Amino acid sequence: MKAQFRLLFVTLSFIIFSCGVSEDITTQTRNDVGFEVNLLDRSNDTYKVTVTPPALNASNNIFQFASTAPGTYQVMDMGRYVHEFKAFDKGGNEIPSSQITTNQFELTSPEKISKIEYQIAETWDTPVTENNIYLMCGTSIENDHTLINGQAVFGYFKGKQDSPIVIKLEYPDTWSIGTALTKTAENTYYAEDFDKVVDSPILLGNLTKASMDVEGTNVDIYTYSKTGLIQSEQILESMKNMLLSASGFLHGLPVKNYTFLFHFEDITNGAWEHSYSSEYVYKEDNWNNIEPEIIETAAHEFFHVVTPLNIHSEIVDQFNFITPVPSRHLWLYEGTTEWAAHMMLFRAGQKSIEDYFKTLEKKIIISTKYFDTSLSLLDLSLTSYTAAGQKQYGNIYMKGALVAGLLDIKLLELSDGKTGYIDIINMLAKKYGPNKPFDDASFFDVFVKETYPEIQAFIENYIKAANPLPIKDYYVKIGVDYNEDSNTFSLMPSPTAEQLKLREKWMQPISIQ
């Protein structure tokens with residue numbers, strides 16, 4: 001998969017020369033793209049970028065900035081932040097270029113271009129009249145650190161989205177760097193293509209670091225804390241059981257390396273997941289005050305190593321940075337992930353049954369009182385890039401998670417307690433994996449074929465349509481009573497043998513090694 005996604009919501013330099021590691025990564029080829037960003041000069045809250053192109057021809061006459069990015073479900077239009085865009089030939093003479101759309105710069109003689117220079121403003125402190133970018137998806141430049149998301153700093157030549165990229169970062173000697181990108185030399189990083197750059201945020205500055213091996217997966221945590229109040233070791237200590245639980249829940253993690261990037265300063269905005277990393281923007285506070293929320297959020301983001309990394313459609317795999325194209329399956333990418341995060345913590349003993357029920361109760365209240373109940377999960381998916389859809393998007397984490405919980409119970413019922421939703425997810429992850437997308441239009445039919453015919457009606461009623469959710473009728477199947485008047489869940493004291501059998505599978509403990 002080329003790019004990834006969520007929202008609970010590098011200076012990079014791409015250079016073209018050998019970086020001193022294996023030839024397949026560092027040997028100069030005519031397809032490499034080079035970017036250089038000078039973070040030693042952080043004036044005017046802008047990134048100063050130099051692009052060294054590969055051999056270009058007339059068909060590469062557009063330099064494209066992103067209109068959106070995977071997992072953001074929002075229009076970004078990064079070209080709004082670009083200024084002083086100039087192209088030069090080998091003699092240093094400027095080659096005419098012009099901004100023909102918000103995100104596109106036309107190059108008059110691409111075959112003569114030796115370098116391109118531009119400045120792009122940080123998104124945090126740059127006012128815009130519409131489509132404000134989520135903080136965790138944007139950029140910030142300060143004296144002691146910078147947060148870089150690839151789509152908010154870099155672009156690509158038309159026809160060169162798949163070209164390999166070498167990234168050289170020029171930054172103060174006292175800074176350190178956290179990213180999932182492959183380091184090839186001092187201050188230098190490699191990406192297979194533009195999608196990989198977008199999929200690999202970078203945090204630089206006065207950071208702390210902590211690491212852990214999770215049953216063969218290396219996990220790194222990098223933290224920027226404005227006053228040093230929160231350290232990476234603190235976070236790792238709190239997250240150890242969650243990480244081990246995830247491995248148990250998934251029968252082993254599907255990645256060999258994973259990087260958490262934490263930014264603690266003046267505001268909380270949420271998190272954004274990627275294939276091999278995730279980033280978090282939270283207000284700095286005493287760790288004990290924010291620990292529970294961050295652990296739950298991190299559990300959600302970390303579970304994205306399954307979906308959409310290993311289960312995704314061609315819309316995600318072949319991401320369109322020019323025109324936003326919605327997928328039908330946010331119910332899977334976000335709703336299922338939100339359900340799985342809380343269920344994982346519950347079954348690992350890190351969340352009590354009472355707390356799990358409170359989570360369900362809260363999601364029911366928020367979904368029914370603060371969002372349009374006439375919109376289905378499919379509606380939320382297909383309208384996610386519109387202004388109206390953005391107002392309703394948050395319900396994917398409420399209603400989407402509730403529907404995933406009902407689907408879990410339905411699968412348990414149909415399988416006589418043998419197969420729950422997480423078993424289906426693990427099976428689909430093995431069937432597809434990171435490099436085999438499913439067809440977005442036909443996946444509902446595939447899901448039914450891989451499960452039970454009765455799931456067709458479930459999908460029609462509760463994913464494609466916005467019928468009232470049968471919460472009470474479903475939870476009673478596992479010996480759980482839901483009082484609709486008080487919006488409370490409780491275990492039935494005397495469940496039947498059938499209810500008890502399904503309940504035991506539903507709450508089957510995860511073994512943590």
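Modeller: Helices here are DSSP runs of H or I with at least four residues, strands are runs of E with at least two, and both are numbered from the N terminus. This is a predicted model, in which local features need pLDDT of at least 70 and side-chain atom pairs count only at pLDDT 80 or more, while totals for chains, interfaces and linings use all residues. Residues are numbered from 1 along each chain as its sequence is written, and side-chain values use heavy atoms, with hydrogens and water left out.

Colleague: What do the side chains of Glu460 and Lys464 meet in?

Modeller: They meet in a salt bridge, at 3.3 Å from N to O, where the term stands for a side-chain nitrogen of Lys or Arg within 4 Å of a carboxyl oxygen of Asp or Glu.

Colleague: How many salt bridges does the structure hold?

Modeller: It holds 17 salt bridges. One of them joins the side chains of Lys115 and Glu117 at 3.1 Å, N to O; Lys115 is partly exposed at 31% relative accessible area, and Glu117 is partly exposed at 28%.

Colleague: Which parts does the Arg328 and Asp440 pair tie together?

Modeller: Arg328 lies in the loop between α5 (314-317) and α6, and Asp440 in the loop between α11 and α12 (443-450), so the pair ties together parts that are 112 residues apart in sequence. Their side chains meet in a salt bridge of 2.8 Å, N to O. Arg328 counts as partly exposed because its relative accessibility is 30%, whereas Asp440 is buried, with a relative accessible area of 0%.

Colleague: Which residues are linked in a network?

Modeller: Asp416, Lys418, Glu498 and Lys501 are linked in a network of salt bridges.

Colleague: Changing topic, how many aromatic pairs are there?

Modeller: The count comes to 40 aromatic pairs, taking rings of Phe, Tyr and Trp (its six-membered ring) whose centres lie within 6.5 Å, with planes under 30 degrees apart called stacked, over 60 edge-to-face and the rest tilted. Phe85 and Phe105 form a stacked pair, 4.1 Å centre to centre with 20° between the planes. That pair links distant parts of the chain, with Phe85 in strand β4 (residues 82-88) and Phe105 in strand β7 (residues 104-107), 20 residues apart. Both Phe85 and Phe105 are buried.

Colleague: Which residues form one aromatic cluster with Phe85 and Phe105?

Modeller: The cluster brings them together with Phe35, Phe63, Phe65, Tyr118, Phe154 and Phe157.

Colleague: Where do Phe346 and Tyr356 sit?

Modeller: Phe346 is in helix α6 (residues 330-347) and Tyr356 in helix α7 (residues 353-370), 10 residues apart. Their rings are stacked, at 5.1 Å centre to centre and 20° between the planes. Phe346 counts as buried because its relative accessibility is 8%, and Tyr356 is buried at 2%.

Colleague: What lines the second largest cavity?

Modeller: Its lining includes Trp339, Met343, Arg347, Asp408, Tyr421 and Trp506, and α6, α10 (399-414), α11 (421-431) and α15 (497-506) each supply at least two residues. About 60 Å³ of space lies in this cavity. On a 1 Å grid over the protein atoms alone, a cavity is a set of points where a 1.4 Å probe fits but cannot get out, and lining residues have an atom within 4 Å of a point. Grid points are joined across faces, edges and corners, and the volume is the space filled by probe spheres set on the points.

Colleague: By class, what does the lining of that second largest cavity have?

Modeller: It has six nonpolar, one polar and four charged residues, where Ala, Val, Leu, Ile, Met, Phe, Trp, Tyr, Cys and Pro count as nonpolar, Asp, Glu, Lys and Arg as charged, and the others, Gly among them, as polar.

Definitions and conventions. Buried < 20%, exposed > 50% of the residue type's maximum accessible area, 1.4 Å probe, protein only. 1 Å grid on protein atoms, 1.4 Å probe; cavity = no way out; pocket = protein on both sides within 12 Å on 5 of 7 lines; lining within 4 Å.
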